[in-house]
Amino acid sequence: MVVCVLHFYAVEARPHRIILDTDVDTDDLFALLYLLKLNRSEFELVAITINTNAWTNAGHGVNMIYDILYMMARDDVAVGVGGEGGILDSGTILPDVGGYLPIIEQGMSTAGYCRYRQAIPVGRRLDADSNFGIRKEFLPQGRRKYSPLRQPTSQQVMIDKISEGPINVFLIGGHTNFALLIMSHPHLKKNVEHIYVMGGGVRSGNPTGCCPKNAITKCQPRQCGDPGNLFTDYISNPYAEFNIFGDPFAAYQVFHSGIPVTLVPLDATNTIPISESFYHAFEQSQYTHEAQLCFKSLKLAHDTWFSDNFFSSYFMWDSFMSGVAVSIMRKSHNRNGENEFAEVEYMNLTVVTSNKPYGISDGSNPFFDGHKVPKFNLKEGGVHSGHVQTKLRDPFCIVKSGKGRCQDGYTDLDMTGKDGVHVLVATKAKPNQDINSELDREFFKSFLNVLNHPLNAGRFNFTTQFPYYREVFYRPKFGTAKLGKPVVFDVDMSAGDFLALFYLLKVPTEVISLKGIIVSPTGWANAATIDLVYDLLHMMGRDDIPVGLGEFFALNQSDPILNAVGDCKYVKAIPHGMGGFLDSDTLYGLGRNLPRSPRRFTAENSVKYGAPRDTEHPELRQPLALEVWNSIIHALDPGTKITILTNGPLTTLAKIVSSEKTARSVIQDVYIMGGHISQSYNEVGNLFTVPSNQFAEFNMYLDPLAAKTVFESELNITLIPIGVQQKVSTFPSIIEKLSLVNKTPEALFTWRLLSRLYRLQQTHFRYHHMDIFLGEILGAMVLAGDRSSLKTAFEIKLVSILAQGIESTDGQMVIDEQLGKPIRILTNVNAVTYYDQFANQMGNRKQSAVVGSFDDQRRKWSTPPKVTGTELL
């Protein structure tokens with residue numbers, strides 16, 4: 001048992017104002033909650049900005065921050081994320097650059113390459129976006145949320161808060177946001193009193209990946225002893241730490257800004273691993289909602305850890321930095337960094353942004369390559385002019401016998417004094433002064449005491465937020481009714497996919513029996529958006545429909561050495577900001593209007609499915625796409641076949657075709673939304689972010705090898721290309737039809753979503769492509785609607801897919817009279833009937849929503865329950 005004691009300190013009249021820039025990973029949440037618990041007369045967290053090119057994705061990260069602030073009664077804290085500004089070739093930084101890309105990759109779009117971010121496992125980003133699934137289970141939901149064109153940007157929030165007066169900046173992710181600020185607004189540096197950084201490794205030796213001293217079998221050490229912690233790419237770069245590696249040039253700008261910097265690097269955090277004694281003490285000390293949230297997160301991190309060495313390889317990173325920082329700040333004029341928790345010393349440091357020899361031009365460095373005058377007027381032959389690591393396993397970086405030679409992101413000691421800056425560096429965590437305590441670090445005691453103290457405690461969690469909360473699962477009563485054609489819907493969770501899903505759920509079950517949904521996170525939304533699929537199904541009373549999570553990477557894009565990471569060669573075409581991932585992951589700000597389902601993604605796992613150990617609730621594990629597929633086909637009646645509708649990249653379908661020789665025998669038909677059949681050079685595709693590729697369509701381009709695999713299979717394919725989709729992509733027509741039908745919850749939601757997409761298209765150039773999503777309803781209607789009234793017309797053409805690894809041609813469809821496969825192609829549909837059928841189905845009171853919205857749930861859970869006849873699972 002840990003006794004909760006919080007020391008109160010004499011405070012000055014003015015509290016220390018703090019901006020926290022975070023990548024919203026698990027340890028960032030610990031740091032945030034630690035700061036929110038401090039005495040506000042002493043420390044005032046005034047703003048949070050989100051680093052969007054690291055461990056979390058913008059839409060999920062910003063809404064999680066809003067929920068934490070709501071739990072902690074701190075809706076006054078400003079929150080900034082993203083921005084649509086760009087950087088000109090000249091180096092001119094336009095207003096509101098969103099930080100979605102490292103500065104070296106930033107141009108005029110939020111779409112771009114993952115030069116550094118590909119080192120982060122995509123599955124870990126899913127865990128961060130959902131906080132292992134705890135976010136929806138535990139965090140309450142308030143009124144604040146991301147909303148397009150209303151969400152403050154990171155640059156806006158930083159400018160506003162720094163302009164108000166003296167402030168301290170805490171950086172616990174990549175440095176892109178703050179570097180952009182000081183580069184574009186250098187006059188604001190005078191208001192920044194101090195920068196506190198968690199990141200880098202100076203003289204550290206990585207304690208993970210080492211062989212046991214008494215190893216019986218042959219052991220090959222991995223990153224053991226490396227200065228950095230890039231466990232996914234230590235063979236290329238053993239020097240960098242993830243936060244600094246996320247944008248080395250940005251970190252260089254921060255360190256060399258002239259503002260005092262205190263660094264808490266791996267040198268210090270490696271000396272404060274989560275010990276077994278601390279873990280068990282924490283388990284026994286959860287007296288507040290914030291302590292419970294932190295321990296739940298820590299427990300799932302422990303239970304899902306890739307090895308049995310959690311207690312020697314998981315450290316207090318960002319929370320420790322926050323503790324060291326506030327302890328230093330408590331003492332006025334504390335030039336030597338005296339504090340309770342870490343030993344510190346001054347060092348001359350710099351951040352390595354390129355590799356020697358300097359002054360080369362090998363195509364790796366956009367700051368210099370192709371420029372007569374280097375970008376930002378950087379010095380020819382200077383420290384930024386060498387080879388810049390381009391990707392995982394960069395051949396330049398790999399040494400055949402020995403460790404990698406790339407040092408991008410390394411916080412290097414400057415022994416010459418030519419390029420280094422004076423930085424206060426934490427070198428070691430201090431031991432607990434109480435030698436009789438079970439906790440061996442002084443900060444462990446502070447962390448548990450602060451989190452568990454009633455001062456500034458959280459108000460409630462999701463279930464205690466509502467006095468009459470009850471978890472309910474809904475399923476329809478089919479009775480003896482004969483169910484219709486069995487269908488599996490494969491989606492990438494774009495806005496159009498949700499509209500199509502509404503339609504499929506409204507079609508009479510005697511016509512369509514939706515057996516399952518496969519989510520492919522290789523398209524327009526990130527994997528954690530699967531929760532919105534669960535929410536929509538819950539709204540429509542279909543908690544019985546299984547949802548499977550597909551592969552994270554397009555075919556042949558995962559790393560051959562470590563398949564948890566990989567390239568973004570194709571998905572880089574999706575914008576990260578407005579009109580892209582940010583909006584898809586939040587359903588354009590409307591996702592939180594959906595009722596909250598008791599089903600959700602969770603990182604819970606089981607040894608049965610290859611996990612290193614069972615978690616506490618392995619029965620809650622998120623099923624994978626192929627598992628859902630197999631369970632569906634095994635449950636089919638003899639002789640019954642499945643029809644598949646795909647609305648995204650064909651990654652999962654290609655896996656099914658490649659892995660199961662009997663796939664053709666159980667698949668009746670496949671309806672594919674996507675592709676472009678060009679009749680002339682004037683008829684271009686919709687790949688607006690890849691100008692070199694004029695004739696491809698997104699779904700085919702995002703995984704061209706998968707598309708080629710599917711189109712060369714023996715499946716009966718009906719293609720619904722963008723040419724015919726564009727005939728039914730008029731927003732005013734469908735919005736008007738929806739306004740005339742019964743106001744069912746699903747009709748209201750689709751009207752709101754379509755109206756928002758149309759308004760955004762009319763308002764901001766980043767939304768010019770919104771009609772892409774409107775056309776995605778067509779496949780569901782051709783599959784399940786009245787074709788005679790739709791007046792559909794088809795023709796057969798011999799089609800091939802180009803997938804040669806060439807950006808300018810991949811994903812294109814060509815008519816190939818010799819090698820092409822006969823494909824049935826939809827060529828025409830009656831637009832007026834299409835709009836009528838969709839609207840009428842949404843307004844039909846049959847198979848309507850059983851719970852209309854989150855507000856309906858809020859009202860229901862806030863009043864005494866009434867007895868109903870609803871059948872529960």
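1. C397 is buried, at a relative accessible area of 0%, where buried means under 20% relative accessible area, exposed over 50% and partly exposed in between (1.4 Å probe, protein chains only). C406 is likewise buried, with 0% relative accessible area. The two cysteines form a disulfide with their sulfur atoms 2.0 Å apart; a disulfide here is a pair of cysteine sulfur atoms within 2.5 Å. The torsion about the S-S bond of C397 and C406 is about -70°, so this disulfide is left-handed.

2. On the basis of the note: this is a predicted model, in which local features need pLDDT of at least 70 and side-chain atom pairs count only at pLDDT 80 or more, while totals for chains, interfaces and linings use all residues. Residues are numbered from 1 along each chain as its sequence is written, and side-chain values use heavy atoms, with hydrogens and water left out.

3. The protein chain has 30 helices and 18 strands. Helices (H or I, at least four residues) and strands (E, at least two) are DSSP runs, numbered from the N terminus. The radius of gyration of the protein chain is 27 Å, close to the 29 Å that the globule rule gives for 873 residues, so the chain is as compact as a globular protein of that length. That radius is taken over C-alpha atoms, and the globule rule is 2.2 Å times the number of residues to the power 0.38. The C-alpha trace spans about 80 × 70 × 60 Å along its principal axes.

4. Of the 873 residues of the protein chain, 63% count as buried. The accessible surface of the chain comes to about 32,900 Å², and 52% of this belongs to carbon and sulfur atoms. Accessible areas come from the Shrake-Rupley method with a 1.4 Å probe; for residues, only the protein chains shown count as cover. Among contacts between residues at least 6 apart in sequence, 80% join residues at least 24 apart, contact meaning heavy atoms within 4.5 Å.

5. The structure holds 2 disulfides. Besides the pair in point 1, a disulfide joins C114 to C568, S to S 2.1 Å. C114 lies in the loop between β3 (78-80) and α3 (122-130) and C568 in the loop between β12 (547-549) and α17 (581-586), so the pair ties together parts that are 454 residues apart in sequence. The link of C114 and C568 is left-handed, with -115° about the S-S bond. Both C114 and C568 are buried. Another cysteine, C294, counts as buried at 1% relative accessibility.

6. F462 lies in the loop between α14 (442-452) and β10 (485-491). F462 is buried, with a relative accessible area of 3%. F462 and F138 are 324 residues apart in sequence, yet 5.2 Å apart in space, C-alpha to C-alpha.

7. Helix α8 (residues 248-255) has 8 of its 8 residues buried, so it is largely enclosed by the rest of the structure. The buried residues in α8 include P248, F249, Y252 and F255.

8. V122 is found in helix α3 and counts as buried at 16% relative accessibility. Leaving aside neighbours within four places in sequence, V122 is in contact with F552, F553 and A564. The C-alpha atoms of V122 and I632, 510 residues apart along the chain, are separated by 27 Å.

9. S494 is found in the loop between β10 and α15 (495-506). S494 counts as buried at 0% relative accessibility. Residues up to four places away in sequence aside, S494 touches W524, F773 and E776.

10. Some backbone geometry deserves a look. Most residues other than glycine have a negative phi, and most peptide bonds are trans. A cis peptide bond joins K356 and P357, with omega about 5°; P357 lies in the loop between β7 (342-351) and β8 (411-413). L149, not a glycine, has a positive phi of about 70°. L149 is found in the loop between α4 (134-138) and α5 (154-163) and is partly exposed, with a relative accessible area of 41%. Q847 also has a positive phi, near 50°. Q847 sits in the loop between α29 (831-843) and α30 (854-861) and counts as partly exposed at 30% relative accessibility.
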